[in-house]
Amino acid sequence: MTLEIKVAGESDVEKWNSAVASSSHGTLFHTWEWLKIVQNHTSSVLYPLMAYRGENLVGIYPVFIQKKGFFNIAFSPLPKAYLLYLGPVIMDYDNLKQNKKESTFMQLQEEIDRFLFMKLKCKYVRIRSSPGLFDSRPFIWGGYQVEPLYTYRINLTGGVDRVWEQFDRKLRVDINRAIREGVRVEEGNKEDLRFIRSSLYRRFERQGFKPSDHSRYLSELYDTFYPDNLKIFIATYKGEKVGGMISLCYRDIMYLWVGVPKSDLKGISPNDLAQWEAIKWACNNGYRYYEEMDGGDDPRLRHFKSKYNPELAIWYSAVKYSSYIYKIAKETVK
Amino acid sequence: MEIESRIADDSDAELWDRIVESSPHGTVFHTWKCLKILEKYSKTKLYPVIVQRGIEPVGCIPLFYQKKLWMKLLFSPPPHVAIPRLGPVLAGYDGLKQHKRESITIEFQKSVDEFIFSSINPDYLVLSSASLQDSRCYKWGGYDVEPTYNYIFCLNDELDKIWSNIRKNTKQDIKRAQRRGISVREGNREDMLRVYELLVERYAEQGRKVHVPKDYLLEMYDALYPYNLRVFVVEHEGNVISGSIDVYFKHSAAAWIGNVKAVEHANDLLDWECIKWAYDNGFKYYRITGTAGDRRLYSSNSKFNPDLVVTFLAERYSSSISKLITDIVRKNVSVKRWVNKI
């Protein structure tokens, strides 16, 4: 039976969110609330697409459409919105048998491509799928250029002690030193959100980036998701804030989402301690994985993050152009 | 201590095989005796690169060199030997922590790259990894990387459970094939040749040619039977109508060549019997290489409900001109298509 694509409206919120929660590759970014906040802070148009087989919802696919001159281009996720993953969520994916997983995803991708390229006349589509959606063949066979990307997940199921033992020895020494030197880590609030944001901006500016001001966006996310899905950890040293992080909690995974850049303190690493405290918190609150988001794909960051002895999880970047000519044009303009 | 790459020779055969044996990336085709056979029949020159830190082995990779027109091409696996995956093998990988795995993989690849580009300097280089999942060091080293897929059955479950996971229609098809008097039995050297002939006939009907030479299969058979290779044939009304050559290495069984198009559902029965044989003989995995990446063939295996595993294909050109020329030299024979399909 063919799939039918519908654009979700406010009356579909419950269905949408339950689809996101039904599969391990659903993330907080996929939730209706998050997408709507993104929508409020951008000129792009959100198409929250739902795919039905008869009466049954088989998947959701949020896409942002931008107008560039005469053309439409599609993103899932939208760039520069602190969204790492988006792309499809297939209903109850982990419990499907292999041939059902494949046929559903392939059909879904075909229908979405038809919708984006034929109906919305998009010239370019960029998708970054989430970890857990292991199969990229529907993209490859649909004519996308696919690149594997990696992130790190620390398995917490063995308990706090086991996680600690698995850390690189040097990391354990660093964490212990931070404790000995008097670094303290506590859960933070909205005030600390500002601290994290401004230290990030300072670091970016020093590196020559001009970050756009996302403070209202971050603040709205905080108001919506704190404290259930968003937590802040702040490290202080001699009364001063020296490190910290914002983490997201969704399903059985806690994500390190935004971290404070490395401090200037000599010989002390407050961020390693903040991260360890967050991992302990996740472990004690029943989470199964702690993800160091986007840590795996940067040769510089990899070095810091693999010390935690994480597992490697794959996700994909997939891009497709409507025609070869448009591809050449776009790459020339770049 | 510095990590170093060098070409292995016959005196290293034992060390080479020990590395292959110790690694989750090692397959039977990585073993020294198989590489020699692959070299002979692929009309390439074998460069078995071994990487060591002092006397401690880090890994190895078999590279196959071929000159076409004026292009220097380097492969792992080589073309026309029906082996879709080969590539790097890292010693003792499973026992390492992630941090160590990464630094070893990066150092290994850097050393191999230095060796390749200082001594062979190919215009085009393609690697298709057997089971290494982490492709980052290739990407960071300037390769184009693409994910590739295999199906694998985990045989740790009870056989009943594996059976019950198969799609309902397929289970009925298997039973129907049995009722029609189709049966599967283990075969010998002659049976393998019969399977090969069937393959040639079927390909000819479709206007295609089998590139794998018959002598190559015979030599593999003589080298690997019975511990690392077995033949299974499907019989109907006294005739062999299809078959499968399976290979075995450590805990893994793998379908290699066969599944000739035959009367309906004969191959479903064949697949099931091969999985059962591997299960009964204590193998932990049954791997099907190649079909998962083939849009036309994937569903014939996925109905058995295997797990999907990802690995990668990495390509590198010496320049954009060599990329263009390689494309022309390769004409319609896409290496990517070939590695995915056999």
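User: How many bridges join S7(A) to S13(A), and in which direction do the two strands run?

Analyst: The model is predicted: local features need pLDDT of at least 70, side-chain atom pairs count only at pLDDT 80 or more, and totals for chains, interfaces and linings use all residues. Residues are numbered from 1 along each chain as its sequence is written, while chains are lettered from A and ligands numbered from 1 in the order in which they are written. Nine bridges join S7 (residues 145-155) of chain A to S13(A), and the strands run antiparallel. Strands are DSSP runs of E with at least two residues, and helices are runs of H or I with at least four, numbered from the N terminus. Two strands pair if DSSP finds at least two bridges between them, so S7(A) and S13(A), with nine, are paired. Within S13(A), Glu311(A) is the bridge partner of Arg153(A).

User: What joins S6(A) to S13(A)?

Analyst: Five bridges join S6 (residues 122-128) of chain A to S13 (residues 311-321) of chain A, again antiparallel. Arg128(A) stands opposite Ser317(A) there.

User: Why are H6(A) and H9(A) called roughly perpendicular?

Analyst: Their packing angle is about 100°, with the axes 8 Å apart. Angles under 35 degrees count as roughly parallel, over 145 as roughly antiparallel, 65 to 115 as roughly perpendicular and the rest as oblique. The two helices are therefore roughly perpendicular. Axes are lines fitted to C-alpha atoms, for helices over the stretch in contact, and angles run from 0 to 180 degrees between N-to-C directions.
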